[in-house]
Amino acid sequence: MDESRYASGKRRRWKPLWLLRPALLFAMVAVIGVFGFSDAAGGSNVDPAQRPFILPFAGDPGPDSWYFIQPYGNTDFSYRFRDTTYVAGQGLHFGLDIAAPCGTPILAIGDGTVFSVDSWHGAAPHNLMINHGNGYASFYGHLLVRSHLKRGEKVKQGQVVGQVGDPDLTCASRPHLHLEIRSEGHTRAYNPLTLIDADWERLALVGGTPLIFEMDMDNPRQWQDMLDQPDVRFGYPLLNEYKNAWPPDW
């Protein structure tokens, strides 16, 4: 692959139209998802002192820098692809997505040691895994080019570890970072929003798409807050194989 085609000359050519959903219903569901059930277990009452990581980008969010587009968990998007793309992660979106122009520097969210570069974990075209020594590992997916780091190399929180890329290799369709926080053994995924020190409710308001979580109509309050999402155990059965779901599984 000729990666030079995606160098700095095309950084501004991004038009993530796929992110726009004008339906009023979806917007209403998004407001409920962000604010409606903040008293749920593990919701907005997460102690900031228990958030050891920083955001993977410098500067303020905005349409020309970076913005939050898809949370971790039982999103309606992951539900539609629960038995294909997300089947290994129990049907959930087991990371979070942050949109940014191709080439935007990505920062290490914590001190650690590089575990792998361009591993089998996916999120093409390039990826990076860092073990943090505190029980957690961070995974950075859809990098523009192979990270300059080497396996075993030490990194510091805030150090540049890669560049934002586009899984479609266009730098125009959907350039974004897919960020996961896993157990240090990489067998379990955790909600990054509960571990990264940031004001996620405000960031959600800046984002480019409503935060819509799939609803089990037999248990409609379950997993409707962006901070109240279950851990994922890779390779285990689906958590969201609902008989009565909303939005419907067209």
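This note goes through the nonpolar cores and the disulfide of a predicted model.

1. The largest nonpolar core has 36 residues, and the members that touch the most others within it are F68, L128, Y140, W200 and M226. Several elements each supply at least two residues of this core, namely the strands β2 (96-99), β4 (112-117), β5 (127-131) and β9 (176-183), together with the helix α3 (200-206).

2. Y140, one of the core members with the most contacts to other members, deserves a separate look. Leaving aside residues up to four places away in sequence, Y140 touches the run I106, L107, A108 and I109, then H126, N127, L128, I130 and H132, and finally L177, H178 and L179. Among these partners is L128, itself listed with Y140 among the residues that touch the most other members of the core.

3. The structure contains one disulfide, in which C102 is joined to C171 with an S to S distance of 2.1 Å. The link of C102 and C171 is left-handed, the angle about the S-S bond being -95°.

4. What does this link connect along the chain? Because C102 sits in the loop between β2 and β3 (105-107), while C171 sits in the loop between β8 (160-163) and β9, the pair ties together parts that are 69 residues apart in sequence.

5. Are the two cysteines buried or exposed? C102 has a relative accessibility of 1% and therefore counts as buried, and C171, with a relative accessible area of 1%, is buried as well.

Conventions:
Residues are numbered from 1 along each chain as its sequence is written. This is a predicted model: local features need pLDDT of at least 70, side-chain atom pairs count only at pLDDT 80 or more; totals for chains, interfaces and linings use all residues. Side-chain values use heavy atoms; hydrogens and water are left out. A nonpolar core is a set of buried Ala, Val, Leu, Ile, Met, Phe, Trp, Tyr and Cys residues joined through side-chain atoms within 4.5 Å. Buried means under 20% relative accessible area, exposed over 50%, partly exposed in between (1.4 Å probe, protein chains only). Helices (H or I, at least four residues) and strands (E, at least two) are DSSP runs, numbered from the N terminus. Contact means heavy atoms within 4.5 Å. A disulfide is a pair of cysteine sulfur atoms within 2.5 Å.
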